[in-house]
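Q: I am new to this structure. Please take a close look at its salt bridges, and then at what else can be said about charged residues and strands.

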Amino acid sequence: MVISKKLLCTLLISLILFASAFAKSKKKSKSGFSAAGPDVEAVKGENGEVSEEEISNDDNPDAFWQYLEWIEDYPEYVQKYEVVIEEKKDDNSDWTEINRILTEDNTTRVQIQPLLTPGLYRYKVITYDLIGIPEIESDWYEFNIYRAYIPQVRSVEASASHSSTIYLDEINDGLFTITGRNLFELQEGPTDVSFTIYETINAKRKNAEPIIPQILEFSDNNRRLRVQFNMDELDTGTYYFTARDASGLVSENSKDNTFTVKFRKAVDFDVAGGYTCPIIVVGNKMKEYLNTMMLPLSANAKISFMPFKRRFGYLGIGIDATYSRLLTKTEGYDLDGNYMTGNALFVYQLPIRMKSKKDETKLRHVATLELHAGGGVAMFQNTVFHFPHDIKSEPLNSLDFSILAGASAQVYFTNRLYAEVGADFVMALIENLPMGYVKPVAAVGWQF
């Protein structure tokens with residue numbers, strides 16, 4: 001008789017301390033948890049705190065259940081099973097047999113009695129055939145029994161701001177103080193049965209990889225932590241600081257365990273205006289008609305709205321407008337008129353900040369590098385050729401598409417006032433007269 005079995009160690013032995021959904025250790029052991037036995041229940045004390053009372057299994061027979069369960073492919077050939085349980089005290093000790101349990105029939109489930117305390121164990125199942133002879137032994141299967149505590153995070157405070165909010169445009173050391181209950185130490189080895197795991201998850205991007213802080217300090221009463229984050233890993237957003245104990249119980253997400261990462265200013269609105277001198281580099285016909293490749297009588301204005309601020313930079317939209325007065329005198333004709341462009345832009349900005357000389361705990365916005373591109377319209381307005389004998393052409397009024405791409409740099413004199421220099425390439429898609437030009441810009445701006 002051949003019996004094939006898959007042993008499922010579905011040992012849900014977390015010794016969960018339920019009553020008011022809280023738990024507390026009696027005495028802090030080396031790993032930070034109680035060494036108390038399994039017959040422990042959490043109850044609400046008169047002062048509202050959580051305390052522990054020892055109760056017997058007779059008082060609460062359903063309080064704790066420890067089961068081992070497996071699958072038998074041919075139960076009709078089995079009379080009973082014997083389960084052998086061994087314990088490993090620590091990494092340096094050998095396995096020691098502590099219990100043997102015989103089933104009354106071929107049921108593939110057995111309750112462990114007496115209940116096991118937290119620790120590292122292994123078991124095997126011996127199968128007895130129909131005449132009561134042990135026939136098959138399974139492999140050894142290891143399992144842990146954990147003391148379960150429901151961790152709580154009651155506040156998250158950044159050292160830099162003394163609040164649950166940190167600002168990326170200020171100096172941050174990534175230090176946080178966490179307060180709560182059942183905030184135990186980390187796992188030190190594979191045989192540890194009492195420990196807590198700490199991580200931070202993005203409240204809106206829960207599928208993103210969790211951020212693991214460095215734990216700097218544990219308090220003796222397991223109610224306070226000092227942690228530090230790598231600030232390069234924190235971008236703008238709302239985060240939950242979570243604690244998960246060895247059994248898998250996780251702290252509740254609420255406003256108490258939430259902290260926010262953002263910029264002091266949520267939105268930037270930049271307005272700048274200054275001088276430009278377009279230089280035609282594409283379009284020989286246009287240069288011939290204008291009798292020049294430069295349009296020195298020009299001005300430029302730009303507005304930028306930057307609502308999306310991230311650690312990698314700012315994203316936003318903008319409008320760029322240019323006006324040029326056309327005045328040309330030649331031997332055969334004179335020309336006057338107006339040329340204007342307006343382009344909607346996608347804008348990327350990279351701010352540069354340095355420590356303030358007056359206060360080294362503060363950052364000063366010294367410059368911004370910008371890339372922008374977009375499209376819009378180019379138009380000639382009331383542009384007229386004047387010939388001898390008071391002859392003139394019909395006014396040219398045209399409206400055509402244009403595209404623009406460029407870069408600029410802003411240097412800040414104050415937190416608001418800045419000077420901007422840059423250059424754009426503009427292509428005016430004028431029918432039969434395409435014109436491309438470089439547009440250097442020098443402007444003064446103000447950030448609202």
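A: Start with a term. A residue is buried when its relative accessible area is under 20%, exposed when it is over 50%, and partly exposed in between. The model is predicted.

Now take Lys 439. Its relative accessibility is 0%, so Lys 439 counts as buried. Its partner is Asp 424: the two side chains meet in a salt bridge, at 3.6 Å from N to O. Asp 424 is at 6%, so this residue is buried too. The two sit in separate strands. Asp 424 belongs to strand S28 (residues 417-429), and Lys 439 to strand S29 (residues 435-447). The pair therefore ties together parts that are 15 residues apart in sequence.

Another salt bridge joins Lys 302 and Glu 370, with the closest N and O atoms 2.7 Å apart. Here the tie spans 68 residues in sequence, because Lys 302 lies in strand S22 (residues 298-310) and Glu 370 in strand S25 (residues 363-387). Both of these residues are buried.

The pair of Arg 109 and Glu 69 is also a salt bridge; its closest N and O atoms are 4.0 Å apart. Arg 109 is in strand S8 (residues 109-111) and Glu 69 is in strand S4 (residues 67-69), so parts 40 residues apart in sequence are tied together. What about accessibility? Arg 109 has a relative accessible area of 41%, which means partly exposed. Glu 69 is at 35%, so Glu 69 counts as partly exposed as well.

These pairs are among the 16 salt bridges that the structure holds. Some salt bridges share partners: Glu 82, Glu 97 and Arg 100 are joined in this way into one network. The general idea is simple. Side chains of opposite charge can pair when their charged atoms come close.

Next, Arg 122. This residue is placed in strand S9 (residues 119-128). At 18% relative accessibility, Arg 122 counts as buried because the limit is 20%. Its side chain makes a polar contact with the side chain of Glu 86, at 2.8 Å. Leaving aside neighbours within four places in sequence, Arg 122 is in contact with residues including Val 84, Ile 85, Trp 95, Trp 140 and Tyr 141. Glu 142 and Phe 143 are also among its contacts.

Lys 262 gives another view. It lies in strand S19 (residues 258-262). Its relative accessible area is 37%, so Lys 262 is partly exposed. Not counting residues up to four places away in sequence, Lys 262 touches Thr 165, Ile 166, Tyr 167, Leu 168 and Thr 236. Arg 311 is 49 residues from Lys 262 in sequence, yet their C-alpha atoms are 9.3 Å apart in space.

Finally, the strands of one sheet. Strands of a sheet pair through backbone hydrogen bonds, either parallel or antiparallel. In this structure, four strands form an open sheet in the order S12-S14-S17-S16, with antiparallel pairing. Strand S12 (152-158) and strand S16 (214-218) are the edges, each pairing on one side only. Direction ignored, neighbouring strands of the sheet are turned by 25 degrees against each other on average. S12 pairs with strand S14 (residues 175-181) in the antiparallel sense, over six bridges.

Methods
Residues are numbered from 1 along each chain as its sequence is written. This is a predicted model: local features need pLDDT of at least 70, side-chain atom pairs count only at pLDDT 80 or more; totals for chains, interfaces and linings use all residues. Side-chain values use heavy atoms; hydrogens and water are left out. Buried means under 20% relative accessible area, exposed over 50%, partly exposed in between (1.4 Å probe, protein chains only). A polar contact is a pair of N or O atoms within 3.5 Å; within protein, one must be able to donate a hydrogen and the other to accept it, and residues adjacent in sequence count only if both atoms are side-chain atoms. Contact means heavy atoms within 4.5 Å. Two strands pair if DSSP finds at least two bridges between them. Axes are lines fitted to C-alpha atoms, for helices over the stretch in contact, and angles run from 0 to 180 degrees between N-to-C directions.
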